[in-house]
Amino acid sequence: MNLFLPDSGLVIWMLIAFIILFVVLAKFAWPGILKSVSSRQEHIEESLRKAEEAAKTLESLEEKGNKIIADAQAEQLKMVQETKNLNKQMIAEAKAKAESEAAKIIEAAQEQIKTDKENAIKELRKEVAALSIEMAEKVLKKELSDKKAQTQYINTLLAGMDKDTPAS
């Protein structure tokens, strides 16, 4: 028995089953999957756009922070040493807070993008698995619905197993 050359009947049935599965998937499954992937892509692009806006906001906050620093330095010349020290402290706190908030915004956007991507992948895998199982069930029910054909198929498998079993 040659394991690499199956019977021509088996090859034909396998080819027919593959073509049927391919056509059904192409007609029903792929449009839904592509639509889901497209909506996820749009969502990710929107998230990226928001991240870019956050980066622009960060630049604007940085410019404002630099302007505040310049104003504070001009006032330093007029004020007493105690006021000068107080202004430096306030500027440093404002800058640290702005940087901290900007970092939080960027980090949150990155986490959201990552989460959305992972959710999209999980959802896509679930949909593909469910559709594959459903199609396989339908194909198997169709092929093995006839009890006579089932019995004949089982007998053929048993006969094939007897040939594969080595003689003792």
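**Entry 1. Terms and source**

I take helices (H or I, at least four residues) and strands (E, at least two) as DSSP runs, numbered from the N terminus. I note that this is a predicted model, in which local features need pLDDT of at least 70, side-chain atom pairs count only at pLDDT 80 or more, and totals for chains, interfaces and linings use all residues. Residues are numbered from 1 along each chain as its sequence is written, and side-chain values use heavy atoms, with hydrogens and water left out.

**Entry 2. The chain as a whole**

I found three helices and zero strands in the protein chain, and from the N terminus the elements run α-α-α. I then looked up burial (buried means under 20% relative accessible area, exposed over 50%, partly exposed in between, with a 1.4 Å probe and protein chains only). Buried residues account for 10% of the 168 residues in the protein chain.

For contacts (heavy atoms within 4.5 Å), I considered those between residues at least 6 apart in sequence, and 70% of them join residues at least 24 apart.

**Entry 3. N87**

I located N87 in helix α2. Is N87 buried or exposed? N87 is buried, because its relative accessible area is 13%. Setting aside neighbours within four places in sequence, I see N87 in contact with E75 and M79.

**Entry 4. Salt bridges**

I searched the whole structure for salt bridges (a side-chain nitrogen of Lys or Arg within 4 Å of a carboxyl oxygen of Asp or Glu) and recorded three.

One of them pairs R40 with E123, with the closest N and O atoms 3.5 Å apart. This pair links distant parts of the chain, as R40 is in helix α1 and E123 in helix α2, 83 residues apart. R40 is partly exposed at 23% relative accessible area, and E123 is partly exposed at 33%.

R49 forms a salt bridge with E46, at 2.2 Å between the closest N and O atoms. Both residues lie in helix α1, three residues apart, about one turn of the helix. R49 also meets E53 in a salt bridge (2.1 Å, N to O). E53 and R49 are four residues apart in helix α1, so about one helical turn separates them. Through shared partners, the salt bridges join E46, R49 and E53 into one network.

**Entry 5. E99**

Where does E99 lie? I found E99 in helix α2, which covers residues 81–143. E99 counts as partly exposed because its relative accessibility is 47%.
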